Amino acid sequence: MGSSEKDKGPGGYAPADYGAGYGYGYGYGGGYGNEDGTAHRSVQDYLLILRERIWYIVVVFLVVFSSALVYTFSATRIYQATATVQLLRDDPTIMQVQDVVETQIRGAEDLNTQVKLLESANLIAKVAERLTGDDLRQFLAPYQDGSEDDPVTPHGLLAKNREVVPQRLSLVLAVQFEHPDRAIAAKVANYFVDEFINFNNRQRIEESLKAVDDLKVRAEDQKQKVDELARGLQRYREENNMVSLDERRDIVTDRLKALGMNVTTLSTELKNVEVRWNQLRERGGNLEAISELPFIASDSLISSLKQQVSAENIAIAELRERYRAKHPRMIEAQRKLTQTQEELERAIRGMVNQINAQYEAGQNALAEARIDLREQEQESLALSRAAVDYSAREREYLINEELHNSIISRMRETSVTSTMANQNARIIDRAVPPSEGNFVSPNLLLNLGLGVVGGAGLGLAFAFFVAFIDDRVKSSFDIESVIGVPLIGIIPHIKKLDPVQKAQVVLNNADRQVSEAFLTLHSALRLKEESKNAKCVLTTSTIPGEGKSFVTTNVAMTFASHGEKVVIVDCDLRKPNIHKTLQLENSKGVIDIVGGSASIDDVVNKEVAPNLDVITTGGRAKNPTQVLNSRNFEQLLLDLRQRYDRVFIDTPPLAAVSDAMVILPLVDGSLFSIFFNKVRRKAAQFAAKKLLESNVPVFGAVLNGLNLAVSGYYYAQYYDKSYKDYYVVMSKSDDTPER
């Protein structure tokens, strides 16, 4: 797609979008990074870092390995003697008596406990006590250097040189001791196992004797306690009349049962009387209704009187049929009836009073019975409480008496077993002095292995450390991934040519490799449409001395040698250099054209080389940025675009001044010159960032001054010995036509 007119820069060209094609993936470089653009080093890069610094690695390796050799063959030989002891899972059974000190091995914790006993300071002290006389002198002799500042003690040496090694899946412990003297090593190892067995025996006997003394004290205390409890129990029995507790408990129980049955009987009788009494109360004072009650009517007297009343009523009824009311017989009969009725009423009232008396007497009797029952219950409860308290006192007395007997029995058993020496371990193999050549230190193979591994490791670490602190640009990774500019050309270092010859190396063919490098750069620039069609190209660098002018002149000469009309414009108005390297006059140039005092034809140096013209600066400018920002300078570039196929502009370094940034919007693209192993990465990255942010295409970086001695480390794909041979042959037969 073409650019609109308003998007075009001076001269009618359209500035390319750097992000669209001139970034990291521009296509010129080898490509470092992931798909997301994250830079990374390949394994080959790390190998090249190590290859470049191989002598660091070799020197460090030799120093470390030599030190390991010297130490190995000069160190004192240390011998190791081993004695083995077996731990018994259970002590030998002589009597069925529980030991005071448990020494059974039931698990890993018990085994580790025995190991810690072997390593204890107490055991070390016992072994140190056995080292006396000649043994002690031989033991300390290898460690005495005559210094009194830090005297060597047997305890420290015993703890340091002794090791207890449990044998896997067994109850066997290996006690190892190291010493320069083979005999002393064996003797000390045996001392350790002997003192270990003696220590356990002493511990058992001491603890048993101590336990006997403790048991005696406890038995005496317990005896006093039992006597006190017996006296207290007797006092309690006397105070609570509990000489025959069971007999008294039976009597109280029988009385309680009898009173309970009496209360039940009286309660039943009272309920029956209460029922009759309630029936009488319901009928009030109605004697006739009362007489109809079954328990009243069933009374013989009342029943007889009622029958008599009925008979007399019948007799009166019969007399009434024969006589009148005043008749004497009627009067007599009426009198008898009245008398009988009065007797019946008296009998009924007597029954009512009798029932009332029975009800009141039943209530009183039941209340008294309940009082007697409660009193008996309280007596029974008091007796039960006293019995519980008595039982508790009696039980405490019996328990303490049994405990006292147990203590006496345990004291007698412990007293007997305290004099028995039961061993919970036995020696399997006693230590013997090792042979002369069977030393454990120094370990020849281990030390040499550590020397090799340590030397290589430290050498590699030192090499990477040097690489880490060396932040100069030297690899394609540095250029493409760190700086962010594609690498499109590499120019070898030229040693034997002066600046004038270097500036025209493409023409004079003084260095065939350099000439071929510029031809490769020319081809790379013609591969892409942007650089192929670019008419105005700016060349700059990060700092002075990176060969930007050298690159400018030789790239321009390369294009000119391919038939294009080319002009070089020196825009380094501060420190111009093009005229010196090309041996031209610098009396007139860019400054004069911009100032209007001369035209292009007046200042241009024509045919400096075939198809190559040069415009110098015309001196040094006091205000270079004003000159480059002027309308006349812009017009100068427009005129040069019309006259020439290519315009190459040499500008000052980006880190020093901003002149190149002023010119950058007026050109079609830029070349970034980097000198091998000279500029810092941060500085180059900062300078490249300025170019990339300008939205003017950066065609790529040209690595200048590559040292061929290390070219194979970083740029094996560009240079090889076979290439050099080819260049030499071609240079010798350059005039010989091909057949």
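First, the ground rules. The model is predicted, so local features need pLDDT of at least 70 and side-chain atom pairs count only at pLDDT 80 or more, while totals for chains, interfaces and linings use all residues. Residues are numbered from 1 along each chain as its sequence is written, and side-chain values use heavy atoms, with hydrogens and water left out.

Now the overview. The protein chain has 29 helices and 13 strands. Helices (H or I, at least four residues) and strands (E, at least two) are DSSP runs, numbered from the N terminus. Of the 739 residues in the chain, 42% are buried. Buried means under 20% relative accessible area, exposed means over 50%, and partly exposed is in between, with a 1.4 Å probe and protein chains only. What about contacts? A contact means heavy atoms within 4.5 Å. Among contacts with a separation of 6 or more, 81% join residues 24 or more positions apart.

On to the aromatic rings. A pair of aromatic rings is described by the distance of the centres and the angle of the planes. Rings of Phe, Tyr and Trp (its six-membered ring) pair if their centres lie within 6.5 Å; planes under 30 degrees apart are stacked, over 60 edge-to-face, and the rest tilted. How many aromatic pairs does a search of the whole structure find? It finds 7.

Take Tyr56 and Phe462. Their pair is edge-to-face, with 5.6 Å centre to centre and 65 degrees between the planes. This pair links distant parts of the chain. Tyr56 is in helix α3 (residues 54-74), Phe462 is in helix α14 (residues 444-469), and they are 406 residues apart. Tyr56 is partly exposed, at 39% relative accessibility. Phe462 is partly exposed too, with a relative accessible area of 36%.

Next, Phe61 and Phe65. Their ring centres are 5.7 Å apart and their planes are at 5 degrees, so this pair is stacked. Why are they about one helical turn apart? Because they are 4 residues apart in helix α3. Phe61 is partly exposed at 26%, and Phe65 is partly exposed at 22%.

There is also a cluster. Phe139, Phe177 and Phe192 form one aromatic cluster.

Rings can also meet charges. A charge sits over a ring if NZ of Lys or CZ of Arg is within 6 Å of the ring centre and within 35 degrees of the ring normal. The charged end of Arg182 sits over the ring of Tyr79, 5.9 Å from its centre. Lys678 lies over the face of Phe675, at 5.6 Å from the ring centre.

One serine, briefly. Ser267 is in helix α9 (residues 245-282). Is Ser267 buried or exposed? It counts as buried, because its relative accessibility is 16%. Leaving out residues up to four places away in sequence, Ser267 touches Leu366 and Arg370.

Now the empty space. Rolling a probe the size of a water molecule over the atoms shows where empty space is left. The search uses a 1 Å grid over the protein atoms alone. A cavity is a set of points where a 1.4 Å probe fits but cannot get out. A pocket is an open set with protein on both sides within 12 Å along at least five of seven lines. Lining residues have an atom within 4 Å of a point. Points are joined across faces, edges and corners, and a volume is the space filled by probe spheres set on them.

The whole structure has 1 cavity of 30 Å³ or more. The largest cavity holds about 30 Å³. Its lining includes Phe559, Phe648 and Phe699. That lining divides into 5 nonpolar, 1 polar and 1 charged. Here Ala, Val, Leu, Ile, Met, Phe, Trp, Tyr, Cys and Pro count as nonpolar, Asp, Glu, Lys and Arg as charged, and the others, Gly among them, as polar.

The second largest pocket holds about 640 Å³. Of its 28 lining residues, the closest to its centre are Gly545, Glu546, Gly547, Ser549 and Asn577.

Last, the backbone. The peptide bond from Ser441 to Pro442 is cis, with omega near 0 degrees. Pro442 is in the loop between β5 (439-441) and α14. Asn677 has phi near 60 degrees, a positive value in a residue other than glycine.
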